[in-house]
Each structure stands twice: as structure tokens, then as C-alpha cells.
Amino acid sequence: MNKILIIDDDEWNRVLMKDTLNKEGYKLVEATDGEKGLAAVKKENPDVVITDYLMPGLNGLELLSEIHKFRHNLPVILLTGFGDVGLTIKSIQMGAFDYLEKPINPSQLKTAVRDALELLKVSNNLQNIIPEDISSVLVDNLLVGKTPQMKNIFKNIGRISMNKVNVMIQGETGTGKELIARLIHFSGITRDNPLVVVNCSALTESLLESELFGHVKGSFTGSIRDKAGKFEQAGEGTIFLDEISEVSMNTQVKLLRVIQELEFEKVGGETTIPMKARIITATNKDLEELIKQGKFREDLYYRLKVFTIHLPPLRERREDIRDLVIHFLNKQNKRFNKNLNKIGEGVIELLQKHDWQGNVRELENTILQAIVMSKADVLEKENITLITRSQPVAESPAEMPFKTLAELEKFHIKRVLDELKWNKQEAAGYLDITRPTLNAKIEKYQLSQE
Ligand SMILES: Nc1ncnc2c1ncn2[C@@H]1O[C@H](COP(=O)(O)OP(=O)(O)OP(=O)(O)O)[C@@H](O)[C@H]1O
Ligand SMILES: [Mg+2]
């Protein structure tokens with residue numbers, strides 16, 4: 001029978017957990033503070049520990065590190081009422097197996113315990129990746145999000161920031177891809193090394209290559225001196241390749257080579273330079289679709305997405321909107337030396353109804369605009385301007401006046417016919433279709449001459 005140790009100063013919580021886990025057939029032992037908990041770990045030899053964070057004496061994280069000195073791979077689940085991102089990431093980085101927020105949800109608790117036991121069984125533990133120095137983990141509430149999707153992402157950041165796997169971040173425009181990339185870099189083992197950002201869509205093929213790999217003097221017109229590339233500049237840190245879908249097939253081959261051989265040459269140069277950086281890529285396109293279309297190499301794709309983070313669009317995590325609004329109010333208040341500290345009636349409801357095609361960036365801009373417009377200290381409904389689908393956000397698909405291909409086709413055929421004064425012979429020739437086909441389309445779309 002598996003033995004679970006529960007450490008919490010709150011009796012009610014212990015009872016709740018005991019009740020839930022008893023039904024699952026585990027043997028339970030309990031302790032009321034950190035010191036007693038540590039003694040129980042040594043005496044009882046449990047399979048899983050569940051500990052509160054805030055307790056008299058040792059707190060949950062201190063206890064965690066004490067426990068791991070004693071039993072390196074004992075899964076520890078941390079509980080806390082303070083659902084902040086910094087703590088989530090830190091606890092996972094320190095080797096906590098999981099993190100549950102109070103009030104405890106019995107089914108989450110059961111799942112966490114079951115997973116922990118499973119992990120113990122395969123002895124595939126995360127504790128091996130704990131760094132010596134975790135003191136300067138800097139992440140505060142930089143990234144806002146309390147929805148389960150976002151909390152899961154934070155946990156994953158904690159995990160991947162401690163080893164240098166390549167990470168691919170997928171998400172619509174404005175969902176926070178760059179922010180996540182920065183968080184991964186600054187919260188883990190790469191944080192004392194450079195973070196270098198390259199926007200792959202901004203440059204032509206040859207410029208991008210020289211930007212990435214550097215070039216030697218005279219390798220092309222205008223290259224008057226040797227230049228270090230971004231891979232070299234990133235050193236043992238992180239290179240963030242934004243909009244990776246825009247990289248040409250030729251450059252993709254070169255990138256693949258760098259990843260496989262962990263070295264590269266400058267454009268026009270011969271000496272090989274080692275590649276030690278972690279690669280984080282971001283995209284708002286469906287790369288699997290691009291692979292099908294032959295526009296993206298599958299082998300490169302798998303090399304880049306050793307770990308993938310899918311950032312959900314804001315409309316799928318509307319519960320985060322309130323916290324984001326408060327976060328942006330604080331941020332912009334400082335910037336504009338304002339003191340907007342109240343949210344007017346109905347504002348959050350209004351914002352939660354919007355579909356946020358531009359995601360968090362659009363929300364941030366909306367709040368910024370409202371702050372600038374407001375005179376008093378209240379964020380008022382009147383000052384909030386929402387972009388509707390008919391005046392869409394730049395770059396979003398809604399920018400197109402048509403949703404379906406059929407709508408576009410109907411519009412195009414009508415325009416051609418009108419231009420050519422409904423001369424169907426000419427129109428069919430212009431559209432490169434036969435007359436019967438044109439007639440069928442006129443029929444289908446019920447087009448007529450005004
Ligand atoms: N969870 C979040 N908490 C706080 N701020 C956020 C969050 N997500 C995004 N932001 C803010 O929203 C803005 C857009 O984020 P970011 O630039 O990271 O998006 P992106 O996904 O890289 O967008 P794009 O695809 O257009 O490049 C930034 O100002 C960022 O700080
Ligand atoms: Mg971006």
C-alpha cells in the first residue's frame with residue numbers, strides 16, 4: 001500500500017485531504033508543521049509528500065529542499081493559497097513534483113498523487129535538473145494567468161528552463177509568445193548569458209543568413225568588415241527566432257545543419273564556430289500545414305519542437321481578463337504617472353464579451369487608450385473602444401472582407417462581369433474558365449446585371 005505524508009498546519013485541510021485520499025486506498029500519515037514533517041519523512045518513509053507552503057517554521061519550499069537532501073527523488077506536491085506565477089515556477093524549478101492551489105480540488109489532488117506515484121515507479125524524476133543556485137530566480141508576477149491552461153504553461157516553463165531543450169511556442173498574434181521566451185531564458189540556466197532575438201520575417205534570405213551566422217569581410221557587396229552573427233552573440237544563452245515559418249527553404253537547410261552538427265561557419269568564411277545556444281522559436285502559423293504544402297522541412301520542425309508550448313488565444317481564457325486589466329493598469333499608471341485604481345461597473349463584463357482577435361496585445365492597447373482618455377481615477381466603460389470585426393486588427397484573418405473562398409469567388413466574378421459589361425465570352429476568357437462553368441457560377445451565386 002502506498003503511503004502519503006500530509007503536512008499542513010490547518011486541520012481542516014488535512015481532514016479534507018485524508019478523506020479524499022483514504023477513499024483511494026492509500027495509507028496516510030500527517031504532520032502539522034515543517035519540522036515535524038521532515039521528521040516524519042525520515043521515520044515513515046512515505047512514497048509521496050503533500051505539503052502546505054505557508055506554515056509556522058519551515059515553509060514549503062524550505063522543507064522541499066530539506067526533504068530532497070535526505071531523499072533525492074521523493075515526489076513532493078506543494079499546496080498554497082497564494083497562486084502566483086513566481087512561486088509556481090520556483091517550486092517546479094526546485095524540484096516539486098506538482099503544485100496545487102487552495103482551496104484544494106479533490107479530483108486534482110487525486111490526479112496529482114496518482115501521477116506522482118507513477119513517476120516514482122518509472123523513477124523518471126525532475127529532481128535531477130535542479131540547479132545549485134536557485135536563489136536569484138527572478139520571476140515575479142510578470143506573466144499574468146490563473147486559468148488552468150496558463151498555470152500548466154508556467155509549470156512547463158519551470159521544467160524546461162532548467163535544461164536546454166529547444167522550445168517552440170505556438171500561438172496567435174499577441175498571445176505573449178515573446179514574453180514566454182523571455183521568461184524561459186531569464187528564469188533558468190541560461191539567465192546569465194545573452195538572449196538574442198531575431199525576427200525572421202523582417203529580412204531577405206541573404207540578409208537573414210548573414211544576420212544569423214555572421215559574415216567575413218568582402219563576402220558580399222557592402223560587407224566591409226567581419227561581423228559576428230546572432231548564433232555567435234547568443235553564446236551559451238538563448239537565440240529566439242521569431243516567426244520561424246518565414247524562413248526560406250535554403251536557410252532551413254542551414255539551420256538544420258547547425259542544430260545537427262552544433263557548429264556553423266560565417267557567410268564567406270571557413271572557420272567553424274561552435275553553437276551552444278538554446279533555440280526558442282515562435283510562430284503564429286500552423287507549421288504542420290506548411291509541411292504538408294512543402295514549405296517547411298519536417299526534419300527541422302521536429303528538431304525545433306523538442307518541447308512545444310501552445311499559448312491559447314485570450315478568448316479561450318476569459319477568466320484571466322480581470323487580472324490582466326489590473327496588471328496593465330498598474331503598469332501604465334507608472335508609465336503615465338496616473339493613478340487609475342478603480343474599475344467601473346460593467347467594464348470587466350464588457351471586456352470579457354469581446355473576442356480579442358489581437359489577444360493580450362489588443363487588450364493592453366485598449367486599456368492604454370482608456371487610461372489616456374480618462375480624467376478621473378476610474379477605468380470607465382465610456383473610454384473603452386473595442387475593435388469590432390468590421391474594423392479588424394492588423395494581421396488578423398478578419399482583416400479580409402471575406403471569410404470563405406466562395407464569398408471571394410462570388411465577389412471576383414461579379415466584378416469581372418461588371419467591368420466587361422457582362423460580355424460572358426470575354427469574362428470567361430479573362431477568368432480562364434469555360435462559358436458553361438461561368439454560367440453555372442452565375443446561377444450558383446445568383447449574379448445579375450444591375
Ligand atoms: N500573460 C500575460 N501577462 C502579462 N502581459 C502579457 C501576457 N501575455 C502577453 N502580454 C503582453 O502583451 C503584449 C504582446 O505580447 P507578445 O509580444 O509576447 O506577443 P506575441 O505572441 O509575441 O505576438 P506576435 O505574434 O504578434 O509577435 C506584450 O506587451 C506583453 O507584455
Ligand atoms: Mg512576437
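Two residues are in contact if their C-beta atoms, placed from the backbone, lie within 7 Å. Helices are DSSP runs of H or I with at least four residues, numbered from the N terminus. This is a predicted model, in which local features need pLDDT of at least 70 and side-chain atom pairs count only at pLDDT 80 or more, while totals for chains, interfaces and linings use all residues. Residues are numbered from 1 along each chain as its sequence is written, and chains are lettered from A and ligands numbered from 1 in the order in which they are written.

In α16, I413, V416 and L417 meet A427, Y430 and L431 of α17. This contact has six nonpolar, no polar and no charged residues (Ala, Val, Leu, Ile, Met, Phe, Trp, Tyr, Cys and Pro count as nonpolar, Asp, Glu, Lys and Arg as charged, and the others, Gly among them, as polar). The axes of α16 (residues 405-419) and α17 (residues 424-431) come within 9 Å and cross at roughly 135°; axes are lines fitted to C-alpha atoms, for helices over the stretch in contact, and angles run from 0 to 180 degrees between N-to-C directions.

E205, L208 and E209 in α8 meet N250, T251 and K254 in α10. By class, one residue of this contact is nonpolar, two are polar and three are charged.

Ligand 1 has a shell to which domain 2 (164-310) and domain 3 (314-383) both give residues, so it lies between them; the domain bounds come from an automatic or database domain assignment. α7 (177-187), α13 (321-336) and α15 (359-373) each supply at least two residues of this shell. Five residues of the shell are nonpolar, eight polar and four charged.
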